[in-house]
Amino acid sequence: MAYPYQITSYEAYTEAYKKSIENPEAFWSDVAENFTWKKKWDSVLDWNFTEPNVKWFSGAQLNITENCLDRHAKEMGSTPALIWEPNDPSEKNRLLTYSKLLERVCQFGQVLKNNGVKKGDRVCIYMGMIPELAVVTLACARIGAIHSVIFGGFSAQSIADRLYDAQAEFIVTCDGAFRGAKDIPLKSVIDDSLIGNRSIKKVIVVTRTRTPISMLKGRDVWYEDEMKHVEEQGIHFIEAEPMDAEDPLFILYTSGSTGKPKGVVHACGGYMVYTDYSFVNVFQYKKSQIHFCTADIGWITGHSYILYGPLSAGATTVIFEGVPTYPDAGRFWDIVAKYKVNILYTAPTAIRSLMGFGLGPLQDKDLSSLKVLGTVGEPINEEAWHWYDEHVGKKQCPIVDTWWQTETGGILISNLAGITPSKPSWATLPLPGVQMLLVDEKGEEVLDDGNETVSGNLCIKGPWPSVLRTTYGDHERCRTNYFATYPNLYFTGDGALRNKEGYYRITGRVDDVLNVSGHRIGTAEVENAINMHAGVIESAVVGYPHDVKGQGIYAYVIFGHIHGDETLTRKDLLQTVTRIIGSIAKPDKIQFVTGLPKTRSGKIMRRILRKIAEGETDNLGDTSTLLDPGVVDEIKRGKL
Ligand code: WT7
């Protein structure tokens, strides 16, 4: 059965798009009518991009968990909301129905309250992919606390920075997490992040790996004890906190071109409407289908398309604790067969890595339940697209190539599965309500010129419901980052092509942000981390094409005095980056150099470094403005 706001034909897409642009207020209020509100809005949209100040559904009150849980618990309480697949396939899986999930969310909401968490407080969540992660996140939303989920691959230092930035007072974590063959000591990382910290009041610890951990009196409590206490009190339900549509729902940190990650803030009302709308339309979700998004809840993809979007639509969503290659490279296909997954949403990196194992792991796997495939996070190359199409979808499943960002909250450019055409490596058309455009360096709009494909910087005119509202604690940063490059436009930081059909193809970041395995990392962040090493004088980090990761990290480092040998020193540097940011930011290549190409004003010419890292040594462009053109030859000779 289709949802009232589901687009079911190409003509309906064109019509919806047209209406959404001509009259966004009428369009989005019609969509929003299908959701649970405690109080309806006074006005649909007020906005300007100069401050920026965007308000959707002003005056409305809601709680996203009532929409994601209560209404479904009432109508279809025994339907599975979550299916959890453990890291180790021989461990028992778990299933939580909508009724059960609602109950657990309410109980943990009460635990949060018992521990002093109030509406508006920031709660940091640092957990593995277990059902409790969903429970904890939704429980924050239930009581109006602002969650800030931090991916398990970030270091203690990164956590400390984020705790400080968000002025968080509460943490929920696990003793440890299982990921493939590894045990990750989450609580111990949290303990390191809290050395010297005076603002954290409570750390709630979920048992998962039962690795020995320290539990500090007065600060650390066990999840299970707290939940038991609430059960003994006989609490199975708590009222959802009424939230203004514009109240913040969560903070999610992401990298930019400066050294400091920023806390992207999403608002309750618009985010609720847009994640559900985009989920239902892009994946063409049909009631009672099984949806499997392989992302981690620590990233925006997990927030929007494991939790909020699917649950709002009443879907059954799969949470997978492990990795695609454990215990072997057939794991995704086993999960698809085991739960008869209908929608599989993953990253090009995962596809490319699985391609490397050949077709063996796919043999005898029953993938006949699949209806729709999706990709996200980075451009997908045609080879990977065709492999996905032929060997996973058996040429029977539309592939949606979904372009969006942490800041956009939901998918903005994508074909709609089976409804609008797909084109390998093209994200294709914007969703209703989304006005994309390309601009040139001067900020002039790039218009179509007859038949040719045009290119430019990807911008957006006007707000969609799940646009970021601010960067936490620093609104000016939000303005300068996204709304100041081109007046009255949101600038994505991506470059793109547009063909004569109006399809968009994302070519990659045009700023100093890398996309490594679909993870966003700022070159400045990696440089800062490398520069923390006692022996480093200066460094410059650029990206280069990587067969599996999409982009690899290439670091040029001026080192004072090498202790031992270069190999050892490289390892020291990797340790430093792992400590400062986390293992996800480790450079793939480190080249020691005696100088960096700089202009006379002292600016590093990254263009040259990028070209050398890409293997392009002849066509380096104009090097005449360099302070010391000689360093370029030295760098070329030493290329890794
Ligand atoms: C950046 C956003 C959105 C969830 C995951 C990443 C790149 C994202 C695509 C795509 C080409 C893509 C862009 C974007 N990106 N999706 N389908 N095709 N590039 O979220 O960490 O905020 O990164 O990922 O460069 O700006 P994120």
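**Close-up views of a predicted model**

**View 1. One side of helix α17 is buried in this predicted model.** Look along α17, which runs over residues 606-613, and you'll find Arg-606, Ile-608, Leu-609, Ile-612 and Ala-613 buried. They sit on the same side of the helix because their directions from the axis span an arc of only 160°.

**View 2. Phe-57 in the largest nonpolar core.** This core takes in 166 residues, and Phe-57 is among those with the most contacts inside it, along with Trp-37, Leu-101, Phe-108 and Phe-283. Skip the neighbours within four places in sequence, and Phe-57 still touches Trp-28, Ala-32, Trp-37, Trp-41, Ser-43 and Val-44, as well as Ala-245, Gly-269, Gly-270 and Val-273. Another core, of 29 residues, lies apart from this one; its members include Trp-333, Val-336, Leu-370 and Val-392.

**View 3. Where domain 1 meets domain 2.** Domain 1 comes in two pieces, 10-63 and 249-509, while domain 2 covers 64-241 and domain 3 covers 513-637. The C-alpha centres of domains 1 and 2 are 26 Å apart. Each of these two domains puts 48 residues in contact with the other. Together they bury about 4,400 Å², with 56% of that on carbon and sulfur atoms.

**View 4. A salt bridge between Asp-165 and Lys-260.** The side chains of this pair come together at 3.3 Å, N to O. As for the boundary between domain 1 and domain 2, the count there is 6 salt bridges.

Terms used. Residues are numbered from 1 along each chain as its sequence is written. This is a predicted model: local features need pLDDT of at least 70, side-chain atom pairs count only at pLDDT 80 or more; totals for chains, interfaces and linings use all residues. Side-chain values use heavy atoms; hydrogens and water are left out. A nonpolar core is a set of buried Ala, Val, Leu, Ile, Met, Phe, Trp, Tyr and Cys residues joined through side-chain atoms within 4.5 Å. Buried means under 20% relative accessible area, exposed over 50%, partly exposed in between (1.4 Å probe, protein chains only). Contact means heavy atoms within 4.5 Å. Helices (H or I, at least four residues) and strands (E, at least two) are DSSP runs, numbered from the N terminus. The arc is that of the directions from the helix axis to the C-beta atoms. Domain bounds come from an automatic or database domain assignment. Buried area is the accessible area (1.4 Å probe) that two parts lose on being put together, summed over both. A salt bridge is a side-chain nitrogen of Lys or Arg within 4 Å of a carboxyl oxygen of Asp or Glu.
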